[in-house]
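Morning, everyone. Please look at the model on the screen while I talk you through a few of its parts.

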Amino acid sequence: MPFAHITGWGMYVPEPVLTNDDIAKLVDTNDEWIRDRTGIRERHIAREHEFPSTLAVEASIKALRVANLAPTELDLIICASSSPEYIFPATACLIQDQIGATKAGAFDLSAACTGFVYAINMAAQAIRSGSIKNALVIGTETLSRFVDWKDRNTCILFGDGAGAFVLQASEKPGGVLSAVMRSDGSGADSLTLLGGGSRHPASEATIHEGKHFVQMDGKEVFRFATRVMGRATLEALELAGMTTDDVKCIVPHQANYRIIETAAKYLKLSMDKFVVNVDRYGNTSTASIPIATVEAAQDGRVMPGDKVVFVAFGAGLTWGAMVVEWTGPIPTKKHVHPEQYRIIARLRSFVRRAIRFIEGFLSRKEL
Ligand code: ACO
């Protein structure tokens, strides 16, 4: 049975930075309160022309470059997002078109901030079963579009960004070693974005009632998160036959520094064992684990052979954890330039749209 290795990684955040002082101009808050209660100093916010797919494409091209893999070799793209571009089509399909992954199936996965852990596990299972060889897994967000910038309970928390991993099959042992995925829908009300779905389709009333914004019972989510993070980590480690001593570092979902501190206390670990960058990005939901991991890999904190835990929680409620052995690119003589495929992809997409238009025009004439 092949193993599912993480062979490429990339991240992208939009340039504009919103500091706590900037937010203090919008709502009654201040830098000290936000830093004390969350650990967040600043976050990146997408510009008008940036969307989950455009952020994801940047991160994906970087991940493919590290893996030295052509987009045309991808069999599957899974995009986890809490702020997808549309209900449908899937953001994953928009990414597929823009990077030129001509042979890949593509779908979105909705499990809020746990989405990236779920998606890695789904891609790894597909590889382990032998049905696919190469997968691209993305977490991408522009949650700033769904935040009520008049609500100080939520607007201080979220940031925009994207991260991507390439997963590849190899007979060499390693890669994704274990995973736990959990949910508890009885807590669905704690963290919601109710408007725009089929229960509350967009209307003047839904807009008036603020249903198109993130609504959150912060205390409840905090309690839930601190309950599940440590437990899920231990479950995933047990499945892999390991303890925290075997692990180089833990990359937790970056929602709040205090939540990570509580998990560290539960696991009797020092904070040094945790990769934390919530101070610079805020909560980027599905993108937070890949962004933190990419930074750790770039800093040399995560090296080939290291065992790493990813652990996340989010709306749903959902939570999950996994243990991976970090791999890195599979050695090969070829040298791939994924960005070149992107240029060809743009041309291909344009030609396909043109052909579709002409065909549609001719078939209407025939009728
Ligand atoms: N600035 C200043 N004061 C504030 C702010 C603010 N931004 N927000 C709330 N306050 C006030 C409250 O009104 C309250 O005042 P009161 O005592 O007079 O009523 C006081 O500060 C304390 O408020 P709490 O809500 O008790 O503050 P808490 O310490 O719980 O921190 C926070 C709030 C940061 C939201 C915390 O509960 C938290 O991080 N929860 C988890 C949120 C989270 O992780 N969400 C993402 C989940 S992942 C996903 O799926 C998207």
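Start with helix α5, residues 115–128. α5 lies across β1, β4, β5, β6 and β7 (161–170). It runs at about 165° to β4. A word on names: helices (H or I, at least four residues) and strands (E, at least two) are DSSP runs, numbered from the N terminus. Axes are lines fitted to C-alpha atoms, for helices over the stretch in contact, and angles run from 0 to 180 degrees between N-to-C directions. Contact between two residues means that their C-beta atoms, placed from the backbone, lie within 7 Å.

Before I go on, this is a predicted model: local features need pLDDT of at least 70, side-chain atom pairs count only at pLDDT 80 or more, and totals for chains, interfaces and linings use all residues. Residues are numbered from 1 along each chain as its sequence is written.

Now the sheet. In what order do the strands of this open sheet come? The order is β1-β7-β6-β4-β5, 5 strands with mixed pairing. Two strands pair if DSSP finds at least two bridges between them. From one strand to the next, the twist averages 20°.

Zoom in on β4, residues 76–80. It pairs with β5 (residues 105–109) in the parallel sense, over 5 bridges. With β6 (residues 134–141), β4 also pairs in the parallel sense over 5 bridges. In β6, Cys79 stands opposite Ile138.

Is β4 buried or exposed? Buried: 5 of its 5 residues are, so the strand is largely enclosed by the rest of the structure. Here is the cut-off: a residue is buried if 20 or more other C-beta atoms lie within 10 Å of its own, exposed if 12 or fewer, and partly exposed in between, with C-beta atoms placed from the backbone. Leu76, Ile78 and Ala80 point one way from β4. Ile77 and Cys79 point the other way.

Next, the loop between β4 and α4. Pro89 sits there. The peptide bond from Phe88 to Pro89 is cis, with omega near 5°. There is a cis bond between Gly316 and Leu317 too, with omega about -5°. Leu317 is in the loop between β12 (307–314) and β13 (318–325).

On to α4 itself. α4 lies across β4, β5 and β6, at about 130° to β4. α4 (residues 91–99) also packs with α11 (residues 338–366), at an angle of about 110° and with the axes 6 Å apart. The two helices are therefore roughly perpendicular (65 to 115 degrees; under 35 is roughly parallel, over 145 roughly antiparallel, the rest oblique). Which residues meet? Asp97, Gln98 and Ile99 in α4 meet Tyr341, Arg342, Ala345 and Ser349 in α11.

Last, two residues other than glycine with positive phi. Lys268 has phi near 55°. It is in the loop between α8 (257–266) and α9 (278–281). Lys268 has 8 C-beta neighbours inside 10 Å, so it counts as exposed. Ser285 has phi near 50°. Its loop runs between α9 and α10 (288–298). Ser285 has 32 C-beta neighbours inside 10 Å, so it counts as buried.
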